[in-house]
Amino acid sequence: MVCRFFVVMPWGRVGSNLVMNLIGQAKESKKLNSEMFNQLKTAAEQLVWLREFYEFCSRPAVGLIGSKQSVLSIRDLPAVESALREHEVKL
């Protein structure tokens, strides 16, 4: 069974690096401790990255997959929310 999580930060300096570092100590985990959405310019690019990183269309290689993103960097909030809900990603 795979557990997927998505950490949303309202702004910087909230302790998310500490949380992600603690989660990173788990074996069999895949996580991204950087805000990838900041680097992607369009909503379509973000959705492609989301599908690929979270391995929505394949059998995940690890049991824990998660990332953290700034709420301000999400280009299409309803589309991201829909994808997360559809694949039961914990927020």
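View 1. The model is predicted; local features need pLDDT of at least 70, side-chain atom pairs count only at pLDDT 80 or more, and totals for chains, interfaces and linings use all residues. Residues are numbered from 1 along each chain as its sequence is written, and side-chain values use heavy atoms, without hydrogens and water. Tyr54 sits in the loop between helix 2 (43-53) and strand 3 (64-70) (DSSP runs numbered from the N terminus: helices H or I, at least four residues; strands E, at least two). Beyond neighbours within four places in sequence, its contacts include Arg4, Phe5, Phe6, Trp49 and Val89 (contact: heavy atoms within 4.5 Å). From Tyr54 to Ser73 the C-alpha separation is 18 Å, at 19 residues apart in sequence.

**View 2. Gln69 in strand 3**. Gln69 has a relative accessible area of 0% and is therefore buried. Leaving out residues up to four places away in sequence, Gln69 touches Phe6, Val7, Val8, Met9, Ser34, Glu35, Met36, Phe37 and Trp49.

**View 3. Lining of the largest pocket**. Residues that line the largest pocket include Phe6, Val8, Ile74, Glu81, Arg85 and Leu91. Strand 1 (3-9) and helix 3 (77-86) are the elements that give two or more residues to this lining, and helix 3 supplies the largest share, five residues. By class the lining has eight nonpolar, no polar and two charged residues (nonpolar: Ala, Val, Leu, Ile, Met, Phe, Trp, Tyr, Cys and Pro; charged: Asp, Glu, Lys and Arg; polar: the others, Gly among them). A pocket is an open set of points on a 1 Å grid over the protein atoms alone, where a 1.4 Å probe fits, with protein on both sides within 12 Å along at least five of seven lines; lining residues have an atom within 4 Å of a point.

Key: Buried means under 20% relative accessible area, exposed over 50%, partly exposed in between (1.4 Å probe, protein chains only).
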